[in-house]
Amino acid sequence: MSKKILVLGGDGFCGWPTALHLSQLGNDVMIVDNVSRRRIDAEMGAQSLTPISTIDVRLSSWKEASGNVIRYQYLDIAADYPRFAALIDRERPDAVVHFAEQRSAPFSMRGQVEKRYTVDNNVGGTHNLMVALVEADLDCHVVHLGTMGVYGYYGAGFEIPEGYLKVKIPDDDDILRDQEILFPTQPGSVYHMTKSLDQLLFQYYAHNDGVRVTDLHQGIVWGTQTQETRLHPALMNRFDYEGEYGTVLNRFLVEAAIGHPLTIHGTGGQTRAFIHIEDTVRCVELAIANPPSRGDRVKILNQAAETLRVRDLAELVSEVTGATVNFVPNPRKEADENDLKVSNATFRGLGLHPILLTDALFAETLEISNRYADRVDRSQIRARSAWNRSRRAAMDEPDRATLEVEPRPSVEGERR
């Protein structure tokens, strides 16, 4: 059954292929975006590895390739509440997919301007959405793209459940009572902190006003293209590789393509969750099709296919490309080594069979890295945002700035 769906932040890396996918399924899709990601690129003097068409060309090309129409509204949902509220009331969507947040941890730690912008934009936009839905008296399902980063990067020592933790709490008579609480957050950056605050906003409005919310705690997205973005050259998705927005895998692939050493921050023992962009759009589809009932608590799903240590990911890339590996100072304040075990039982139960790194790592992403290697700006590769003064000092040491740090020996059996 066709739905009317607003995709907030639909011009971005995850939002664009999601909007196309939902449109291809026959839904009435409107993108709401202020193209802030493009503006940030211009401010940083950076660009996507892949050439990105204007939003108007993208939308006309989608109509040409698919016969479907995606409508577009230029709007800053965090800064212009009156227009946003009027849009919600006028359109009265069945579902809102919320991607309209500054999504980079390093960018959020770049300086005071970026920290404040990330909080104002992300938390303000989420709260404006909740208020607008309540004021419109609209029974609408919100699907929000969260992050695995709310769980922290220090290791729990057990499989992290989907959002809620079963605990035993002693009452006044010291009798243990079973409770289920929101999993304690340990945000690893200002960006991750905003996602943690989003969780509290959702909990409140679901409980107080019956807003239906599904919060997707997503891992690092890899891959670039989806079935829909391949239909026309102008539909090409973003490929960020630079130090602020580039994910670790994209950075490794670009470094390999241009003969640059793979740069592992710290020991490389940080375990991260990964998911392919095709599975991201599929998970959003499944989430929309399986909403919580009105009055239910927030449905929290872990949107991840697998976990892998950073140094093991580098080894995978190195084995195929022959790239050398260098260990460089870690700009982040995090554990040198951590485990990360997460449950993704709900999506698997709904029929998701995720693409794994070993299945398709080089079928597309490495090919794209090589095809557009001439667009790489080497000066943008190095991470520049430090989490605090001590991390900044380590990054600025002259001997390390050249990236000539001795590799850490691999440990047998560490690959996950």
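Residues are numbered from 1 along each chain as its sequence is written, and side-chain values use heavy atoms, with hydrogens and water left out. Because the model is predicted, local features need pLDDT of at least 70 and side-chain atom pairs count only at pLDDT 80 or more, while totals for chains, interfaces and linings use all residues.

**Nonpolar cores**

A nonpolar core is taken here as a set of buried Ala, Val, Leu, Ile, Met, Phe, Trp, Tyr and Cys residues joined through side-chain atoms within 4.5 Å, where buried means under 20% relative accessible area, exposed over 50% and partly exposed in between, with a 1.4 Å probe and protein chains only. The largest such core holds 38 residues, of which Leu8, Ile88, Leu129, Met130 and Leu133 touch the most other members. Two or more residues each come from β1 (4-8), β2 (28-33), α4 (81-91), α6 (112-135), β6 (164-170) and α7 (190-209); helices (H or I, at least four residues) and strands (E, at least two) are DSSP runs, numbered from the N terminus. With neighbours within four places in sequence left aside, Leu129 is in contact (heavy atoms within 4.5 Å) with Leu8, Phe84, Ile88, Val96, His98 and Val142. Another core, of 32 residues, lies apart from the largest one and includes Ile70, Leu145, Ile277 and Leu352.

**A parallel strand pair**

Strand β10 (residues 262-265) points Leu262 and Ile264 one way and Thr263 and His265 the other way, and all of these are buried. In a regular strand, side chains alternate between the two faces of the sheet. Strand β10 runs parallel to β14 (residues 325-328), to which 4 bridges join it, strands being paired if DSSP finds at least two bridges between them. Within β14, Asn326 is the bridge partner of Thr263.

**Aromatic rings and charges**

Rings of Phe, Tyr and Trp (its six-membered ring) pair if their centres lie within 6.5 Å, and planes under 30 degrees apart count as stacked, over 60 as edge-to-face and the rest as tilted. By this rule there are 4 aromatic pairs, and two of the geometries are tabulated below.

| Pair | Centre to centre | Angle between planes | Class |
|---|---|---|---|
| Phe107 and Tyr245 | 5.6 Å | 40° | tilted |
| Tyr204 and Tyr205 | 5.0 Å | 85° | edge-to-face |

Phe107 lies in helix α5 (residues 105-108) and Tyr245 in the loop between β9 (220-222) and α8 (248-257), so their pair ties together parts that are 138 residues apart in sequence. Both Phe107 and Tyr245 are buried. Tyr204, by contrast, is partly exposed, with a relative accessible area of 43%, whereas Tyr205 is buried at 12%. Ring pairs also link Tyr151, Phe158 and Phe183 into a cluster.

A charge sits over a ring if NZ of Lys or CZ of Arg is within 6 Å of the ring centre and within 35 degrees of the ring normal. Arg37 lies over the face of Tyr245, 3.6 Å from the ring centre, and the charged end of Arg39 sits over the ring of Tyr117, 5.6 Å from its centre.

**Cysteines**

With a disulfide defined as a pair of cysteine sulfur atoms within 2.5 Å, the count comes to 0 disulfides. For Cys14, the nearest cysteine sulfur is that of Cys283, 11 Å away; Cys14 is buried, with a relative accessible area of 10%. The sulfur of Cys140 is 20 Å from the closest cysteine sulfur, in Cys283, which is too far for a bond, and Cys140 is buried at a relative accessible area of 1%.
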